[in-house]
Amino acid sequence: MKLFNISSGPHVRAAEDATMIMWWVVIALLFPTVGGIYYFGWPAAWLVATVTLSAVIGEMVFQWLAKRPVTIVDGSAVVTGLLLALILPPTLPLPMGVIGAIAAVVLVKGLFGGLGYNIFNPALAARAILLASWPVAMTTWVKPFETVTTATPLYLAKIGQATPGYWELFLGNRAGSLGETSILLLLIGAVILFVKKIIDWPAPAAYIGTVFIAAYCLGHDPLFNVLSGGLILGAFFMATDYVTVPVTTKGRFIFGLGCGVITVLIRFYGGFPEGVNYSILFMNMWTPFIDVHVRPRVLGCKK
Amino acid sequence: MSGLRLKECKELTERLPVQEAALPTRVVLPLQQSLGCPNDPIVNVGDEVAEGQKIADTQKTVAAPLHAPISGRIIAIDNLPNACQYPVASLVIEAIPGRESQGLVGSHWQVDEFTPEQIRKVVREAGIVGLGGATFPTHVKLSPSKPIDTVIINGCECEPYITADHRLMLERPAELLEGARAIARAVGAENIIVAVENNKQDAVQVLLDHNKNHNLKIVVLPSIYPQGGEKVLIRKLLGREVPSGGLPLDIGVIVNNVGTAVAIADALKTGRPLIKRVVTITGSGVKKPRNLLARIGTSFAELLAQCGGITDDAAKIIMGGPMTGLAVASLDMPVVKGTNCLLVLNQRDARDYEEKGCIRCGRCVRACPVGLLPNFLADFAKLRDYEKLVDYHLADCIECGCCAYVCPSRIYLVQYFKGAKQELKTRRAVCR
């Protein structure tokens, strides 16, 4: 008698799997990556290649040493490496990039249990580690198309000097991290992720909205604050990182709100000109708390 | 709380009229075909039985008697494997060659002539259970302990592939509406709502035409899975919520499937017990999909043979729909009262997925129609943290499968939930 396979339902599944999601994120990130290389030239290209490759190799070696299944094809190490490259100064010495990448995939991700278990966004945590280790190299910025060092728009604003116009900021023709400068290209990537329903509105909208409104209320230029620094990159690509943000819609909104508040506090009252990195890391810590306390109402149950 | 728009795959059978399946030569009848208590046989091995004769019954309330689907001889009363390959007490009837089943001579009563008590009695004696798949004994549902104001006749049929209810609505609208009125009469309800999804516009039209002389409400809903789940449907239609752990009757509602309504009308008008039901036989693994009116107890193999057989690459046999159906190992299984569909998927459609780690994307949270957090529930189930499972409302899960359907890590969420629910039930029993 022929016996057929049995399994629990549902017997059909949606087409999209985790690996496909990761590769779509990679595709979306390629727009700001190409933009960064266009503005900052060969050093940027080498940094992207080195950091991404280091992340992949680092994860592979770590998984092999830890006797875990090697899951390089799932694309998550590529995403981590690419994201890290995008938030580094374009002229950062390559060895520092390598160390950052390894810190991201081993220290921040692997040691916590791998994909799905890390508390902090690996790329942002690695950037914080690099900033603490090499503060000068990590805050050395160059002008696009030139090798002349200069200050970022947010720093210029902080010390009260003239800043680039909105249009320059939108196109990305300003100093800054490798992939954070061109708002246009970041938005193209974000639109791809929205259309593919890979990211949703609550966190980015709450994050950008809070920065805009708070800047306005505190007497700063709201549009300038949205367009400069790493806000757009952080809001669409970091505050939407599945693993390190809450799972509910309401939770994600609260997460974005918190990121906005911390960013504004650091930018306007803190010692650094930019607060996106630390604000998201700070809110990452709150994610488990938000997940426990912000739950949807269950049908047929009172709150 | 959104639900899903699924690929419907109903085009395989939605235009095919229900045809009477060939009379089986042998039927296998598990004694328990409803939720609740099992029946005891009231015939012996060797007895001759006539089509429609009651052959198993019980004194227990939550049960429904069983009738002979064909005329023949009882050849065995034994433990036979059920759809889960688990041995259950079953009756086997073999047709006697040369002696055809005569069919039942019906009487012709009007639904309005029955008192509520008579309706309940006829429904019980006819062995009618919820035909949407849940198989709750209908006469129990018609004896509510609380006042009922609304009867919902569920014609959503939101699971992909299945078209049994769709065809019934098209082909037997008069009986459907009569059955609905009988249900409302039995429970003393004022309002009757027939809910149909908008992927069945032709059925809506037919029902509207037949409703001209009546005042039933025909409501057309967008086609969203799992709208046919009664808790979800009640919220959508009435804005009321069945309390956690409660029943629709707690909020003055009862929900019956369209097939059940038709069976009730048949029983009242002709005295016929429930011995046949419409089964959609479909899927990529069936050569010629059909809607068949099959005798209860007919084997899957026999029905599939009348559909051109299964393809060479048939990989999975599912009793019910693709979302909540039960995969069975062998074609040797009989149709039971709750079998609305026999779905055969080929190798390509019945892929086995490798489960990966959760990436916390939250798709399951957004898909869950009752507002649960499936990702955390799965973690707690794996950790056997039963306190947390209760705290996170595992008991309110309707097992619709939306979470597992959308999961990009292919986690077998429903499987964990079913297992954990079973374990919780056992623990509670032990505690008492």
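Domain bounds here come from an automatic or database domain assignment. Keep in mind that the model is predicted.

**Exercise 1. Work out which domains chain B has and how they sit relative to one another.**

Solution. 
1. Start with the bounds: the assignment gives chain B a domain 1 at 111-270 and a domain 2 at 363-431.
2. Next, take the centres over C-alpha atoms; those of domain 1 and domain 2 of chain B are 29 Å apart.
3. Now look for contacts: 7 residues of domain 1 of chain B touch 8 residues of domain 2 of chain B.
4. Sort the domain 1 side by class, and you get 3 nonpolar, 3 polar and 1 charged residues.

**Exercise 2. Describe how α1 and α7 of chain B pack, and say what sort of residues meet there.**

Solution. 
1. Find the helices: α1(B) covers residues 116-125 and α7(B) covers 258-270.
2. Two numbers describe a packed helix pair, the angle between the axes and the distance between them. For α1(B) and α7(B), that's about 105° and 9 Å.
3. Angles of 65 to 115 degrees count as roughly perpendicular, so α1(B) is roughly perpendicular to α7(B).
4. Check who meets whom: Ile119(B), Val122(B) and Val123(B) come from α1(B), while α7(B) brings Ile264(B), Ala267(B) and Leu268(B).
5. Tally the classes: 6 nonpolar, no polar and no charged.

**Exercise 3. Trace the six-stranded sheet of chain B, find its edges, and place the helix that lies across it.**

Solution. 
1. Walk through the order, β1-β14-β13-β17-β15-β16; the sheet is open and its pairing is mixed.
2. Go to the ends. β1 (19-20) and β16 (326-328) of chain B have a single partner strand each, so one side of each lacks a neighbour in the sheet.
3. Zoom in on one pair: β15 (314-319) and β17 (341-346) of chain B run antiparallel, with 5 bridges. Within that pair, Ile318(B) has Leu343(B) as its bridge partner.

**Exercise 4. Characterise the side of chain B that touches chain A.**

Solution. 
1. Count both sides: 51 residues of chain B contact 30 residues of chain A.
2. List the elements of chain B giving two or more residues: α6 (230-238), β15, β16, α12 (402-406) and α13 (413-431).
3. Pick out the top contributor, which is β15(B) with 4 residues.
4. Finish with the classes on the chain B side: 27 nonpolar, 13 polar and 11 charged residues.

Definitions and conventions
Residues are numbered from 1 along each chain as its sequence is written. Chains are lettered from A and ligands numbered from 1 in the order in which they are written. This is a predicted model: local features need pLDDT of at least 70, side-chain atom pairs count only at pLDDT 80 or more; totals for chains, interfaces and linings use all residues. Two strands pair if DSSP finds at least two bridges between them. Two residues are in contact if their C-beta atoms, placed from the backbone, lie within 7 Å. Axes are lines fitted to C-alpha atoms, for helices over the stretch in contact, and angles run from 0 to 180 degrees between N-to-C directions. Ala, Val, Leu, Ile, Met, Phe, Trp, Tyr, Cys and Pro count as nonpolar, Asp, Glu, Lys and Arg as charged, and the others, Gly among them, as polar. Angles under 35 degrees count as roughly parallel, over 145 as roughly antiparallel, 65 to 115 as roughly perpendicular and the rest as oblique.
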